[in-house]
Amino acid sequence: MKYFTINAFVLIMLYVLCSTSYAARIEISAPGEQTIPLAMTRLLPMGVGGAKPAVVAEFQEVLQGDLELSGLFDQVDPASFLSDADKLGLRRNEIDFYQWRMLGAEALIKGGYSLSGGRLTIELRLFDVVTQRLLTGRRYVGQVSDVRQIAHTFADQILKSLTGEKGPFAAKIAYISKRTGHKELYMMDVDGHDPIRMTDHRSIVLNPDFSPTRKELIFTSYNKGNPDLFRKEIYTGRESRVSLKQGLNIGGRYSPDGREIALTLSKDKNSEIYLLGTDGTIHRRLTNHYAIDVDPSWSPKGNKIAFVSDRRGNPNIFIVDVHTLDVSRLTYEGKYNATPAWSPKGDRIAYARMDNGVFNIFTIRENGSDERQLTFGQGSKEHPRWSPDGRFLIYSKDIDGGDKSIWIMRADGTGGRKISARGGKDSHPAWSVHW
Amino acid sequence: MESSRKKRWQQLQAVFGPGFKQMLLVSVLLHFILPILYYSPFFPQREIEKPPVYRVNLVNKIVKNPQAGRPEATSVKKKPVVKKKPKPKPKPKPIPPKPKPKPKPPVKPKPVPVTPKVEPKVQPKPTVSKAQNNTLKQRLEQMRASQKKKDSDQARKDRIAALKAAALAESRQIESPVTDAPVGMVDGSGDEAGVSASAHVQEFIQQQWNLSKYQAVGNPEAEVKMFYSADGALIHYKFITKSGNSAFDESLTRAIVKSKQLDQKLPEAMEFHIFFNLKDMLDRP
């Protein structure tokens, strides 16, 4: 009996082994397509209020521009749309996904709008065409003049839905422009629309930076003769001097928690990096060297600051530990490296390097490895700053001393486009957090 | 001797009690079962299948007549073709193998029908001057030469056509130098895709997979088990491991849904363990 049991067990095991089918092992190490085919239908009127083609066109243009800049999508040509594009259906059971699959779309944006008594309502949906699921949906209510802001906000929402991280389009960009003849502080949308002058100092305004926690800006101005650090509340317009030490008070940058400001002071006849409280009191001196130390930029954790120093001869990027005050050198290549900007993700530091009299934007890892040149061609590209999500960079581009303007590009250097209007001699851009 | 063994056996039995034999049996069984279990599907071995290697023997590819293209080889063969009558001109012979003289033939074929005309002209021979006679002779020589060239060209064309046909017939009989080469490669057999079934499935699923590099965060990896029927229909799939990155995992779900029907049949029902990662997309700032 025992032997029978053993034999039966062994036979069963052998049967199990033999009966299992062969499983081929495959490795797929990259997707076949690196963009998402997206179909974006036009907004259709929902019940009340007549059709407003101007509103629809403006919404379409803004959303399309943002999504194009994101680099995520390959937009399906609207000329190929079938009958479902003309139906308002915003519920998944009202949509003919088969039509969109036929067009090769994987994501679908549908929306409708209504306008009554000056109140604009826009309903938007993002669907996954393949799994026929609703990915995100929003209803926005506002004025007709808010249509651009609504489009930017929904673009951010789309990015959040598809990447897990919100987009940076519903934010503002501060910059310095000389269109009045003086260098003044301006603010505009991320796509360059709606520029507004923020100061009327009629002197020289420099280096703006947004507070990460409040709707306010700091900048340097020669308004009172000395380059002092100013703070400006955006909505009230109230302005005050934060630091008015003798000599330079320049390059102010809010810490990631918004409680301190790193800036360059030359009160002791030599430019050094200091930490200030938001009330202007000096908290700490970070550098102590006979060389010139300028342009501080915080790491996202707030424990390190990248800055420019010529302590080894030429201007190069250095990093100082805020707690230990240890200084390490970051860049060795090139003879002139300036204006560092630490990525909000913390992985890379962008800066401008001059070669043959022309500045270009580079990025490098914190440990000094993997240096990459992002911009090429004619014209100096300077003052790089990151978007709050670290996906994009803005910078100023000066073509042979002529037209100086603000440009935007993806963090890998692709998709560069000009966003500020012509003839402004614009420079020193800064990207706000989500507005 | 035997008694000592027995003693030892009894001692062991005494130590381990009455269940000693059973324990021994279980121990032996366990030793036997463990290696079997190790190779069973309960312990899958994560070995990535090596990509198929196609070895194409280009250097040693069989050629009907390797010397065919060489001028000396052709000239050797031409000698017997060329009749030894026009021997006085041994130099024109190496020229014929080259198809350069072609421009001339179109001019000379015309004179061929004219040849009867030329001969009647010979009648007024007595009145024709010596110089004219020489030119006539020259023309006749040229006509003969052109006729010979035409003949040799035709012969060459026939020979090339015969060689091509022979090479084609031979290539159909060529066997793969690699014994287990995937179908559709060296020997021309196999399915339309011309690759192994798993390579085809890999390619097909990869084409259905859309993911932007701006969605990729970190080094996500996922393993999916997919079972296809012989008709190429997806019977079922299961995520063995997910990456934890929702954008990455959802893109895989979309790719799988799009791959529920392959564009061609499989040799048999097959199960695939597919490892998705972004190794080839990692070079980004």
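Chain A contains four helices and 31 strands, where helices (H or I, at least four residues) and strands (E, at least two) are DSSP runs numbered from the N terminus. This is a predicted model, in which local features need pLDDT of at least 70 and side-chain atom pairs count only at pLDDT 80 or more, while totals for chains, interfaces and linings use all residues. Residues are numbered from 1 along each chain as its sequence is written, chains are lettered from A and ligands numbered from 1 in the order in which they are written, and side-chain values use heavy atoms, with hydrogens and water left out.

**View 1. Chain A as a whole.** Taken along the principal axes, the C-alpha atoms of chain A fill a box of roughly 95 × 75 × 40 Å. Of its 435 residues, 55% count as buried, a word that here means under 20% relative accessible area, with exposed meaning over 50% and partly exposed in between (1.4 Å probe, protein chains only).

**View 2. A:Arg125 and A:Glu123.** These two residues of chain A form a salt bridge in which the closest N and O atoms are 2.7 Å apart; a salt bridge is a side-chain nitrogen of Lys or Arg within 4 Å of a carboxyl oxygen of Asp or Glu. A:Arg125 counts as buried because its relative accessibility is 17%, and A:Glu123 is buried too, with a relative accessible area of 10%.

**View 3. A:Asp370 and A:Arg372.** Here the salt bridge has its closest N and O atoms 3.1 Å apart. A:Asp370 counts as partly exposed at 28% relative accessibility, whereas A:Arg372, at 19%, counts as buried.

**View 4. B:Lys213 and A:Asp412.** The closest N and O atoms of this salt bridge are 3.0 Å apart. B:Lys213 lies in the loop between helix H6 (197–208) and strand E1 (221–228) of chain B, and A:Asp412 lies in the loop between strand E29 (404–410) and strand E30 (417–418) of chain A, so the pair joins two chains. B:Lys213 counts as partly exposed, with 30% relative accessibility, while A:Asp412 counts as buried, with 16%.

**View 5. A network of salt bridges.** A:Glu106, A:Asp128 and A:Arg133 are linked with B:Glu250, B:Arg254 and B:Lys258 in a network of salt bridges. Over all chains, a search of the whole structure finds 39 salt bridges.
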